[in-house]
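Subject: Structure for you, with notes

Hello,

Please find the structure below, followed by what was found in it. Have a look at it before reading on.

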Amino acid sequence: MRFLLALFMWIALLFGKDNTPSILILNEYDSSIGDIQLSEYFPSKNFIDGEDTSPFLSSLDSMNNPASGRMPLIRTMGEDFDVDYVLFHQIINDSSRFLLEGQMFNTKSGGLIHRRIVDITNYYKGQMNELKLWIGDVFKEIDKDWVDYRKLILFNDPEDIVQDKTPQGAMARSFMVPGWGQFYSDEYNSGVMFSGLEATLLSTVLLSYLSYNKSVKGFKNYTKLYEESSEQIEFDEYRSRAESEWDKHKIYNSAMIYTGITAGSIWVVNGIHAYIVGPRPKKDIIQKWDITSPNSN
Amino acid sequence: MNRFFLFISLPLFLLSNCTIYEKELDNPNDNNANEEIGVYPPSVVFFPKEQTKTMSDTISLGAYIVFSDTSIISFSGTHLNIEYNNSLLEIDSIAPGWIGPGSLTDSNQTTPLFTYTESQGTLDIYAYYLSTSDISIDSLTHIAEIWFKPLSAGESTVQYDTSQCQIIKYDESIIPINGVRDASIKVQ
């Protein structure tokens with residue numbers, strides 16, 4: 001009996017179905033990240049390169065149900081390529097940002113079984129490692145070296161991040177020049193609004209001050225002429241002008257004070273706003289060392 | 001830090017220069033200004049109200065009667081009694097008020113009958129309007145211009161003795177004087 005059971009298992013192992021999962025890889029990269037040979041890192045997997053990524057380029061999040069939105073497509077691809085999984089990668093690089101989106105589909109059900117979005121600032125020479133980490137995470141085959149390499153490059157704790165841009169820096173800039181902190185934080189609309197508003201108000205303050213000064217000079221001049229004049233026609237005229245200038249200097253004074261208070265209040269609001277919209281480290285993970293070759297991958 | 005002080009000092013500079021000035025319009029010949037300090041028309045005043053001169057200067061002082069802007073009083077003559085410190089000032093010359101707007105003239109612009117006496121720091125001026133035709137007097141009347149010569153340095157008040165001053169109408173009835181303003185002369 002034992003002999004028969006062992007014989008059956010040996011035959012099953014010898015002629016049974018191959019358990020190595022096959023994966024169709026679809027990559028949509030905006031720039032090359034080097035020669036990708038995933039089979040070197042995952043020898044137990046059977047990777048098949050696909051070419052047509054166009055069905056995957058539409059946003060998954062725009063679907064009513066992202067997990068099941070591509071079921072018919074995935075099932076069809078599973079039958080056509082005879083694969084167990086479909087793995088779609090989308091990598092976007094720009095001058096300072098690396099964005100990796102990975103989507104893992106099961107061809108039997110057609111559903112999305114795993115998804116990951118990595119969004120890292122100033123990340124170079126780490127994109128390939130990030131891809132390995134993602135696939136390793138999918139198949140639970142993460143190499144410790146990959147994790148260590150990631151730790152070497154990236155800060156794990158946001159508190160340890162040396163920030164290129166900070167909310168405090170944005171606030172300080174906005175307190176110095178209204179709108180500067182907003183521009184610094186890439187908040188261009190509010191930057192234009194605050195700088196424009198302050199420029200208008202401060203111009204009004206300056207204009208009021210100049211008009212006030214002119215009225216004061218006029219008032220003093222006409223007062224002097226009035227006091228020096230003994231002729232009724234003259235001092236009546238100078239009195240009228242002096243009173244007119246006095247009224248004007250009072251109006252310009254009020255305009256200057258109230259506009260100044262408004263400008264000051266908006267200046268403070270602008271500083272607080274710059275702090276609120278200022279860059280936050282929890283959103284952007286930053287590489288430890290200074291960038292020397294941002295174009296390198 | 002320098003920038004910080006620049007940003008702070010700019011608004012402080014603007015605010016420190018933003019004072020509301022007192023509207024002090026005081027001309028003794030202006031009835032509006034006189035009424036603001038409780039001197040009501042008709043009033044006898046000097047112009048200018050104060051002046052500072054040196055020993056070598058000649059001091060010119062005008063004697064005026066101020067009526068209200070709407071006055072229709074038929075004023076035709078006056079006697080002004082003026083007191084001054086004769087240890088500091090002496091009278092150099094006296095002239096009747098000049099012809100022109102605000103002057104003591106009739107409609108034909110004739111010079112009034114004008115006499116004066118001077119004694120021991122007191123000057124009496126008599127000016128009479130001689131026309132028998134209708135008279136036209138505006139709110140301000142220049143009675144006389146007095147030139148003083150300084151005798152020594154100091155401050156002297158030139159003032160009217162209203163108990164002896166008179167303004168008379170065409171029918172020689174007296175117009176009461178309601179206000180008076182002195183002049184201050186400082187010799188350095």
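Does Gln103(A) count as buried or exposed? Gln103(A) has 21 C-beta neighbours inside 10 Å and therefore counts as buried. The cut-offs are 20 or more other C-beta atoms within 10 Å of a residue's own for buried, 12 or fewer for exposed, and in between for partly exposed, with C-beta atoms placed from the backbone.

Two notes on conventions. This is a predicted model, in which local features need pLDDT of at least 70 and side-chain atom pairs count only at pLDDT 80 or more, while totals for chains, interfaces and linings use all residues. Residues are numbered from 1 along each chain as its sequence is written, and chains are lettered from A and ligands numbered from 1 in the order in which they are written.

Gln103(A)

Gln103(A) belongs to strand 4 (residues 97-106) of chain A. Helices (H or I, at least four residues) and strands (E, at least two) are DSSP runs, numbered from the N terminus. Apart from neighbours within four places in sequence, Gln103(A) has contacts with Leu60(A), Phe88(A), Leu112(A) and Arg115(A); contact here requires C-beta atoms, placed from the backbone, to lie within 7 Å. From Gln103(A) to Ile113(A) the C-alpha to C-alpha distance is 7.9 Å, at a separation of 10 residues in sequence.

Two packed helices are described by the angle between their axes and the distance between the axes. The axes are lines fitted to C-alpha atoms, for helices over the stretch in contact, and angles run from 0 to 180 degrees between N-to-C directions.

Helix 8 (residues 188-228) and helix 9 (residues 232-277) of chain A have axes that come within 7 Å and cross at roughly 160°. That makes helix 8 of chain A roughly antiparallel to helix 9 of chain A; the classes are under 35 degrees for roughly parallel, over 145 for roughly antiparallel, 65 to 115 for roughly perpendicular, and oblique for the rest. Their crossing is left-handed, meaning that the near helix is turned anticlockwise from the far one by less than a right angle, whereas clockwise is right-handed. The residues of this contact divide into 23 nonpolar, 14 polar and 5 charged. Ala, Val, Leu, Ile, Met, Phe, Trp, Tyr, Cys and Pro count as nonpolar, Asp, Glu, Lys and Arg as charged, and the others, Gly among them, as polar.

Helix 6 (residues 167-176) of chain A also packs against helix 9 of chain A, at about 160° with the axes 7 Å apart. These two helices are therefore roughly antiparallel to each other, and their crossing is right-handed. Residues making the contact include Pro167(A), Ala170(A) and Met171(A) of helix 6 of chain A, and Asn270(A) and Gly271(A) of helix 9 of chain A. By class, the contact of helix 6 with helix 9 of chain A has 6 nonpolar, 3 polar and 1 charged residues.

Helix 4 (residues 127-138) and helix 5 (residues 144-153) of chain A pack at about 135°, with axes 10 Å apart. They are therefore oblique to each other, in a left-handed crossing.

Chain B

Chain B has 2 helices and 13 strands. Of its 188 residues, 30% are buried.

An open sheet of 5 strands has the order 5-8-3-1-12 in chain B, with mixed pairing. Strand 5 (89-96) and strand 12 of chain B are at the edges, each with a single partner strand, so one side of each is left without a neighbour in the sheet. Strands count as paired if DSSP finds at least two bridges between them.

In strand 1 (residues 43-47) of chain B, 5 of its 5 residues are buried. Ser43(B), Val45(B) and Phe47(B) lie on one side, and Val44(B) and Phe46(B) on the other. Strand 1 pairs with strand 12 (residues 179-180) of chain B in the parallel sense over 2 bridges, and Ser43(B) has Gly179(B) as its bridge partner. Strand 1 runs antiparallel to strand 3 (residues 59-66) of chain B, joined by 5 bridges; there Val44(B) is partnered by Ile65(B). Strand 3 is also antiparallel to strand 8 (residues 140-150) of chain B, with 8 bridges, and Ala63(B) has Ala144(B) as its bridge partner.

The interface

Contacts between the chains involve 19 residues of chain B and 23 residues of chain A. Helix 1 (residues 2-16) of chain B gives the most to the chain B side, with 3 residues. That side divides into 9 nonpolar, 5 polar and 5 charged residues.

Regards

Terms used. Contact = placed C-beta atoms within 7 Å.
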